[in-house]
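Me: I would like a close look at a single part of this protein and at what packs against it. Please take it step by step and give the cut-offs behind each term.

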Amino acid sequence: MPPVTLRSGVQVPANILYREAKQGDAKAWLFDTLSVLGYTMARTPSPELASANIENRMRRNKFTMVAFDELSRVLQPRNYGSKRKLTEQAEVVWSQIIQIMSDPVWPTPVIASGTLDLIETLELHNSRTGETVARGDMNRRADITTLPALTMDDAEALEAYLHQPAFPKWRVV
């Protein structure tokens, strides 16, 4: 990847954090993210403490992009007994992603990939706050894209799809 040019004109070498999500809840996902960022801890921190530490580590490491692959493993509806529990988990995950993207010191583009269930978690409605999980900030900062179900057997179709003129404008999947 080419270097990233900051507003000041300074170029920063590409520094990408790629993490494949494991099965578990949002708290385990935060714990895993912290550990890959080099944060050592004796026990799983609260989402608020984890979020502050992730923000700190993101700034320190100066990542130019973050990719969370298979995030639907964390936000899989069948993992939770109720829609309320899924909504709580989705709020933790999407709030962290919003924070990474909108950090005033070091905003970082994020790619979150997974199954169609992942997209549906953005529209979950929190009965306590009256807001959707995605909120306006996520909708302003993200482009949601659904890729066709193609396999390597469809290599020509996949290549043609990826070389469409619209492809470079996509930011978050």
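How do α1 and α3 lie to each other, roughly parallel or roughly antiparallel? From there, please go on to β4 and say how its residues are placed.

Reply: This is a predicted model, in which local features need pLDDT of at least 70 and side-chain atom pairs count only at pLDDT 80 or more, while totals for chains, interfaces and linings use all residues. Residues are numbered from 1 along each chain as its sequence is written, and side-chain values use heavy atoms, with hydrogens and water left out.

The axes of α1 and α3 come within 8 Å and cross at roughly 30°, where axes are lines fitted to C-alpha atoms, for helices over the stretch in contact, and angles run from 0 to 180 degrees between N-to-C directions. The two helices, α1 and α3, are therefore roughly parallel to each other, because angles under 35 degrees count as roughly parallel, over 145 as roughly antiparallel, 65 to 115 as roughly perpendicular and the rest as oblique. Helices (H or I, at least four residues) and strands (E, at least two) are DSSP runs, numbered from the N terminus. On the α1 side, Ala26, Lys27, Trp29 and Leu30 meet Gln89, Val92, Val93, Gln96 and Ile97 of α3, contact being heavy atoms within 4.5 Å.

Now to β4 and its sheet. β4 belongs to an open sheet of 3 strands in the order β3-β4-β5, with parallel pairing. The edge strands, β3 (16-20) and β5 (110-112), each pair on one side only, and the twist averages 10° from one strand to the next. Two strands count as paired if DSSP finds at least two bridges between them.

β4 is mostly covered, with 5 of its 5 residues buried, where buried means under 20% relative accessible area, exposed over 50% and partly exposed in between (1.4 Å probe, protein chains only). In a regular strand the side chains alternate between the two faces of the sheet.

α3 lies across β4 and β5 and runs at about 155° to β5, while the buried residues of α2 pack against α1 (26-36), β4 (65-69) and α3 (83-102). In α2, Ala50, Ser51, Asn53, Ile54, Arg57 and Met58 are buried. The 15 residues of helix α2 (residues 47-61) should span 21 Å at 1.5 Å a residue, and its end C-alpha atoms are 21 Å apart, which agrees; the expected span is 1.5 Å times one less than the number of residues.

A nonpolar core is a set of buried Ala, Val, Leu, Ile, Met, Phe, Trp, Tyr and Cys residues joined through side-chain atoms within 4.5 Å. Of the 34 residues in the largest one, Trp29, Leu71, Trp94, Ile97 and Met138 touch the most other members. The elements that give two or more residues to this core are α1, α2, β4, α3 and β5, and α3 gives the most, with 8 residues.

The loops on either side of β4 each hold a residue to check. Most residues other than glycine have a negative phi. Lys62, in the loop between α2 and β4, has a positive phi near 50° and follows α2; at 42% relative accessibility Lys62 counts as partly exposed. Glu70, in the loop between β4 and α3, has a positive phi near 55° and is partly exposed as well, with a relative accessible area of 28%.
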